[in-house]
Amino acid sequence: MKEFRAIKNTVIREAERIRQGTFSFEDDSIQQDDEPEEFASSYYGYWTLRNMIRNEGLPLEERDQAVAEMEWLAGSGDRNAQYLMGKLWQDGPLLIPDSVKARRWLERAAAQGHAAAQYALGKLLLSDDVEVHDMQEGLRWLRTAAENGSHCAAYRLGKEYLRGKIVGKDAGKALECFTQSAEAGNPYAQYALGRLYLQGKEVVQAQGVAEYWLTRSAARGNSYAQFLLDHRQCDPSVLLCTVRLLHHISNIFQETFPPPNPAGGHVESKLMGRIREKKIAMGHKPDDHEEYQGPSMSM
């Protein structure tokens with residue numbers, strides 16, 4: 001009972017930290033390397049266009065022109081440009097999201113061995129988007145990306161093998177995938193391994209191994225890993241239930257208190273206006289733009 005009260009007080013404190021925006025979400029905040037190593041070979045023209053596209057301080061006309069030139073570059077065979085076009089069609093906001101066109105560009109880059117494109121394509125095909133959903137192809141591209149060194153793809157595969165919803169549950173393969181990703185420095189794979197060894201269900205419980213991976217994850221900024229380390233003297237089953245509760249609370253706060261738009265509402269309103277104009281030109285209803293709630297562009 002005393003341990004339960006201590007955990008309860010901890011949940012209350014961490015919930016307040018979540019409300020103030022200082023607590024990382026367990027899995028939703030996973031970050032890929034902003035520019036994977038394979039982008040290093042891109043020539044100056046690609047980087048110039050990419051920076052223009054991402055620069056929200058530029059006029060929309062200039063950014064639109066940069067997208068048009070990037071599309072020409074992608075059409076000429078540049079795999080990094082093809083990947084970027086796929087992400088633009090997938091995420092917006094300069095282009096009205098179109099999953100079919102996103103898939104087309106990502107497939108072209110993936111076929112050239114672009115690991116980031118292979119991972120993005122795998123995720124897209126495994127999404128709930130009925131226009132592109134293809135479970136077997138999605139899994140195939142995730143495996144290919146993992147084989148090509150994508151630690152994000154290896155982590156995602158590990159989760160699928162552990163859950164057993166779209167692929168047969170296999171704790172051994174999950175452990176293998178998590179280990180590959182964790183050794184490459186992915187803090188969420190490190191956290192996943194720490195939890196597995198701490199819980200001792202899918203793998204033999206090993207406190208020392210659990211602490212090793214949780215420490216590495218916490219060093220990369222994973223607050224959940226740090227929480228498990230700080231309270232490792234507690235019963236593992238109670239502790240992991242607490243973490244799941246914290247994750248649930250964090251999602252509630254995320255929905256209730258969305259993060260502020262650092263660029264302000266002015267840029268967002270201009271983008272929405274541009275999207276509305278394009279939709280009308282394509283024959284959509286004038287109020288169709290109200291249904292669009294696409295995420296901010298991240299590449």
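Visitor: Is S217 buried or exposed?
Guide: This is a predicted model, and in it S217 has a relative accessible area of 0%. The cut-off for buried is under 20%, so S217 counts as buried.

Visitor: Where is S217 found?
Guide: S217 sits in helix α11.

Visitor: And which residues does S217 touch?
Guide: Leaving aside residues up to four places away in sequence, S217 touches P187, Q190, Y191, N222 and A225.

Visitor: At what angle do α11 and α12 pack?
Guide: The angle is about 135°, and the axes of α11 (residues 207-219) and α12 (residues 223-230) are 7 Å apart. That angle makes α11 oblique to α12. The crossing of the two helices is left-handed.

Visitor: Which residues make the contact?
Guide: On α11 they are E211, L214, T215, S217 and A218. On α12 they are A225, Q226, L228 and L229.

Visitor: Why give both an angle and a distance?
Guide: Because two packed helices are described by the angle between their axes and the distance between the axes.

Visitor: New topic. How far apart are the end C-alpha atoms of α3?
Guide: They are 22 Å apart. Helix α3 covers residues 60-75, and its 16 residues at 1.5 Å a residue should span 22 Å, so the two values agree.

Visitor: Which residues of α3 are buried?
Guide: L60, R63, A66, V67, M70, L73 and A74 are buried. They cover an arc of only 130° around the axis, so they lie on the same side of α3.

Visitor: What about the face turned away from the buried side?
Guide: That face of α3 carries the exposed residues E61 and W72.

Visitor: What comes just after α3?
Guide: G77, which takes a positive phi of about 115°. Most residues other than glycine have a negative phi.

Visitor: Which residues does the cis peptide bond join?
Guide: The cis bond joins G92 and P93, with omega at about 0°. Most peptide bonds are trans. P93 is in the loop between α4 (79-91) and α5 (99-111).

Visitor: Last one. Where is E137?
Guide: E137 is in helix α7, which covers residues 135-147. Its relative accessible area is 23%, so E137 is partly exposed.

Visitor: How far is E137 from G122?
Guide: Their C-alpha atoms are separated by 7.2 Å, while the two residues are 15 residues apart along the chain.

Definitions and conventions. Residues are numbered from 1 along each chain as its sequence is written. This is a predicted model: local features need pLDDT of at least 70, side-chain atom pairs count only at pLDDT 80 or more; totals for chains, interfaces and linings use all residues. Side-chain values use heavy atoms; hydrogens and water are left out. Helices (H or I, at least four residues) and strands (E, at least two) are DSSP runs, numbered from the N terminus. The expected span of a helix is 1.5 Å times one less than its number of residues. Buried means under 20% relative accessible area, exposed over 50%, partly exposed in between (1.4 Å probe, protein chains only). The arc is that of the directions from the helix axis to the C-beta atoms. Axes are lines fitted to C-alpha atoms, for helices over the stretch in contact, and angles run from 0 to 180 degrees between N-to-C directions. Angles under 35 degrees count as roughly parallel, over 145 as roughly antiparallel, 65 to 115 as roughly perpendicular and the rest as oblique. A crossing is left-handed if the near helix is turned anticlockwise from the far one by less than a right angle, and right-handed if clockwise. Contact means heavy atoms within 4.5 Å.
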